[in-house]
Amino acid sequence: MAVVIGNKTQINQAPSANFYQFNHNQNTGSDGLLVFSVVMANTVSITNATYGGVTMTQVFIKNFGGLSQTTKLFVFENPSTGGNTLRVNFTGNQFNPVSFYALSCTGAEAGGNTINLQGTS
């Protein structure tokens with residue numbers, strides 16, 4: 001089965017709180033996959049991300065020390081379809097702008113390695 005790219009949600013927002021949440025619509029189909037990225041200043045850390053109240057799996061982290069930014073990537077295999085709340089929790093209030101990007105796919109068998117690039121660049 002071919003991977004089908006579905007709905008996309010992109011938000012750039014300064015949460016001014018210890019979390020941020022928004023609605024995202026997951027497409028209907030077999031082998032659903034939700035991919036979610038967060039790019040933000042590393043003034044606070046991301047504790048977790050949830051979709052429809054279920055914790056997503058973090059598969060990538062990279063700290064960019066020279067830019068004072070961090071990037072995290074999360075996935076969720078076979079998430080609930082339709083509109084659900086995607087929520088990101090931080091270790092403290094995040095007053096800097098954050099880039100959120102959610103991408104829904106179907107026909108995507110997930111699985112594999114987790115990448116952790118904790119070093120700075």
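This is a predicted model: local features need pLDDT of at least 70, side-chain atom pairs count only at pLDDT 80 or more; totals for chains, interfaces and linings use all residues.
**Strand β9 and its partners**
- Strands here are DSSP runs of E with at least two residues, numbered from the N terminus.
- β1 (residues 4-13) pairs with β9 in the antiparallel sense over 8 bridges; two strands pair if DSSP finds at least two bridges between them.
- β3 and β9 also run antiparallel, joined by 8 bridges, and Ser 37 has Tyr 101 as its bridge partner in β9.
- β9 is mostly covered, with 7 of its 9 residues buried; buried means under 20% relative accessible area, exposed over 50% and partly exposed in between, using a 1.4 Å probe and protein chains only.

**Nonpolar cores**
- A nonpolar core is a set of buried Ala, Val, Leu, Ile, Met, Phe, Trp, Tyr and Cys residues joined through side-chain atoms within 4.5 Å.
- The largest one has 20 residues, and those with the most contacts inside it include Phe 36, Val 38, Met 56 and Phe 100.
- Elements giving two or more residues to this core include β2 (17-26), β3 (33-41) and β9 (98-106), and the largest share, 4 residues, comes from β3.
- Another core, of 6 residues, lies apart from it, with Leu 33, Val 59, Val 75 and Leu 103 among them.
- Phe 100 touches, among others, Thr 9, Tyr 20, Phe 22, Phe 36 and Val 88, not counting residues up to four places away in sequence; contact means heavy atoms within 4.5 Å.

**Aromatic rings**
- The whole structure holds 7 aromatic pairs; rings of Phe, Tyr and Trp (its six-membered ring) pair if their centres lie within 6.5 Å, with planes under 30 degrees apart counted as stacked, over 60 as edge-to-face and the rest as tilted.
- Tyr 20 and Phe 22 make a tilted pair, 6.2 Å centre to centre with 40° between the planes.
- Phe 22 and Phe 36 have ring centres 6.2 Å apart and planes at 50°, so this pair is tilted; it links Phe 22 in strand β2 with Phe 36 in strand β3, 14 residues apart.
- Phe 22 is buried at 8% relative accessible area, and Phe 36 is buried at 0%.
- Ring pairs join Tyr 20, Phe 22, Phe 36, Phe 74 and Phe 100 into a cluster.

Key: Residues are numbered from 1 along each chain as its sequence is written. Side-chain values use heavy atoms; hydrogens and water are left out.
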